[in-house]
Amino acid sequence: MGGSLGYFWDLFVKEQKYKKKQFNTVDLKIKMDCDGCELKVKKTLSNMKGVQNVEINRKQNKVTVSGFVETQKVVKRAQSTGKRVEIWPYIPYNVVAHPYAPHTYDKRAPAGHVRNVEALTVSSYVPRQEDHLATLFSDDNPNACSLM
C-alpha cells in the first residue's frame, strides 16, 4: 500500500502493537554505604528511558523510582550497579491483616513497618477438638452453655 492509506494503516497497526506504558512507582531496597554509592545508583536509574523522578533514602536503604517504567527493567538496571537489589519488602503494619504472623516481623524494617508476606489464610487453620471445648464454656462466647 502506498500513499496516505498506507501511512494511516501503519499508524493503526503500530498503535495496537505497542501498548502505552502506564505511570508506575517502583520501590527498591538497595544497600548504600556512602555518597558515591548513592550517586551511582541515582545516576544509573535517572538515565533510564521513561523515568521521571528518583528519590533515595539512604537511612532506610530505599530507592523510589517514578515514571513510565516497568518494574523488572528497573530492577535489572539497578542490579547493573553491582549492588544487591530487591523489591521493597516492607509495608505499614496497619495495612496487614495479621501483623504478628510468623515471618512478618523483621528487626531491620523501618519503624511502623512489617515485612510484606502472604498472610496465612484462616481456612488453612485446622481447629483442634480442645479449642472447641475451651470456647464452649467461655464468657466471650454469647452462645456458650451456662451451667452456673
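Trainee: Which residue in β3 is the bridge partner of Val 54?

Mentor: This is a predicted model, and what follows is read from its atoms. Six bridges join β2 to β3, and these two strands run antiparallel. For Val 54, the bridge partner in β3 is Val 65.

Trainee: In what order do the four strands stand in the open sheet?

Mentor: Strands of a sheet pair through backbone hydrogen bonds, either parallel or antiparallel. Here the pairing is antiparallel, and β3 is joined by six bridges to β1 as well as by six bridges to β2. The strands β2 (51–57) and β4 stand at the edges with a single partner strand each, so one side of each is left without a neighbour in the sheet. The twist averages 25 degrees from one strand to the next, and the order is β2-β3-β1-β4.

Trainee: Which residue in the turn of the hairpin formed by β2 and β3 has a positive phi?

Mentor: The hairpin of β2 and β3 has four residues between its strands. In that turn a positive phi of about 60 degrees is found at Asn 61.

Trainee: Why do the buried residues of α3 line one face of the helix?

Mentor: In α3, which spans residues 71–79, the buried residues are Val 74, Val 75 and Ala 78. On the other side of the helix, Gln 72 and Lys 76 are exposed. The buried residues pack against β1 (24–30), α2 (35–46), β3 (62–67) and β4 (85–87). They line one face because, seen down the axis of α3, they fall within an arc of 100 degrees.

Trainee: Is Thr 81 buried or exposed?

Mentor: Thr 81 has its place in the loop between α3 and β4, where its side chain reaches the backbone oxygen of Ala 78 at 2.6 Å. Leaving aside residues up to four places away in sequence, Thr 81 touches Lys 40, Val 41 and Thr 44. Since the relative accessibility of Thr 81 is 7% and the cut-off is under 20%, Thr 81 counts as buried.

Trainee: How many residues does the largest nonpolar core have?

Mentor: In soluble globular proteins, nonpolar side chains tend to be buried together. The elements giving two or more residues to this core are β1, α2, β2, β3 and α3, and β3 itself is mostly covered, with five of its six residues buried. Leu 28, Ile 30, Leu 45, Val 63 and Val 74 have the most contacts inside the core, whose size is 18 residues.

Trainee: Which residues does Leu 45 touch, not counting residues up to four places away in sequence?

Mentor: Leu 45 is one of the residues with the most contacts inside the largest nonpolar core. With residues up to four places away in sequence left out, Leu 45 touches Val 51, Val 54, Val 63, Val 65, Val 74, Arg 77 and Ala 78.

How values were computed: Residues numbered from 1 in each chain as written. Predicted model: local features only at pLDDT ≥ 70, side-chain atom pairs only at ≥ 80, totals over all residues. Heavy atoms only, no water. Buried < 20%, exposed > 50% of the residue type's maximum accessible area, 1.4 Å probe, protein only. Arc of directions from axis to C-beta. Contact = heavy atoms within 4.5 Å. Pairing = 2+ DSSP bridges. Axes fitted to C-alpha atoms, helices over the stretch in contact; angles between N-to-C directions. Polar contact = N/O pair within 3.5 Å; in protein donor to acceptor, adjacent residues only side chain to side chain. Core = buried A, V, L, I, M, F, W, Y, C linked by side-chain atoms within 4.5 Å.
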